[in-house]
Amino acid sequence: MFPVAEFFVSINGEGAHAGELAVFIRFKGCNLRCSYCDTLWACINNAPAKMMSVEELTDMVIKTRVNNVTLTGGEPLLQEELYKLTDMLISNGKRVEIETNGSISLKELSIREKRPVFTMDYKLPSSNMEKYMCFENFDMLDAHDTVKFVSGSIEDLERAAEIIEKYSLTDKCHVFISPVFGKIDPQEIVRFMSENGMNDVRLQLQMHKFIWEPERRGV
């Protein structure tokens, strides 16, 4: 059984499939507390959630007729039997993407025959959570996966550039830089990328925050 805080259909606001329809399953609970978290309400212990089974969730996804499924949170990898849900969804022809904060090992899911896609954060200094990053995860990424750097300052951008180069991330997977909404002008990120020759890195804005009110849920 999984504690589901939200279930809805919208577009992917970010990642390699930004702009495409997706079913979102948001799980309750997170092991980090990022300074800029925009879903803190789903991370707290008493967050409202409905306990749902693999079969119930799969049936609901199938009924939407949407092929992309995004598992998010909170932190979805806190769900010990998440593999049962990913296996079932993939067996039903769904592309399953897990949005994870980068602090929990991807190993068990990354080696499964029915492997989901990972969009993994690397938490930069302004998040106050960088010390929790699991660096071994970089070895488990492939060309379908994404590493996302949410940046709120020039210091963040400098650290992102360092990590991208050190782990040759653009040779392994998609790499995105996103601004902390309202904290840094995207023009500064473009300027930094240009000045530092950051080829194969993409600036990405959170599309859903421009379509709807930034704090709106269920979109």
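This is a predicted model: local features need pLDDT of at least 70, side-chain atom pairs count only at pLDDT 80 or more; totals for chains, interfaces and linings use all residues.
Is F8 buried or exposed?

Residues are numbered from 1 along each chain as its sequence is written, and side-chain values use heavy atoms, with hydrogens and water left out.

To the opening point: F8 has 10% relative accessibility and so counts as buried. Buried here means under 20% relative accessible area, exposed means over 50%, and partly exposed lies in between, with a 1.4 Å probe and protein chains only.

Eight aromatic pairs are present in the structure. Rings of Phe, Tyr and Trp (its six-membered ring) pair if their centres lie within 6.5 Å; planes under 30 degrees apart are stacked, over 60 edge-to-face, and the rest tilted.

Consider F2 and F27: with ring centres 5.7 Å apart and planes at 45 degrees, the pair is tilted. F2 belongs to strand β1 (residues 2–11) and F27 to strand β2 (residues 21–27), so this pair links distant parts of the chain, 25 residues apart. Strands are DSSP runs (E, at least two residues), numbered from the N terminus. F2 is buried at 3% relative accessibility, and F27 is buried at 0%.

F8 returns in a stacked pair with F24, at 5.0 Å centre to centre and 10 degrees between the planes. Because F8 lies in strand β1 and F24 in strand β2, the pair ties together parts 16 residues apart in sequence. F24, at 8% relative accessibility, is also buried.

Finally, one aromatic cluster is formed by Y122, F135, F138, F149 and Y167.

Methods:
Helices (H or I, at least four residues) and strands (E, at least two) are DSSP runs, numbered from the N terminus.
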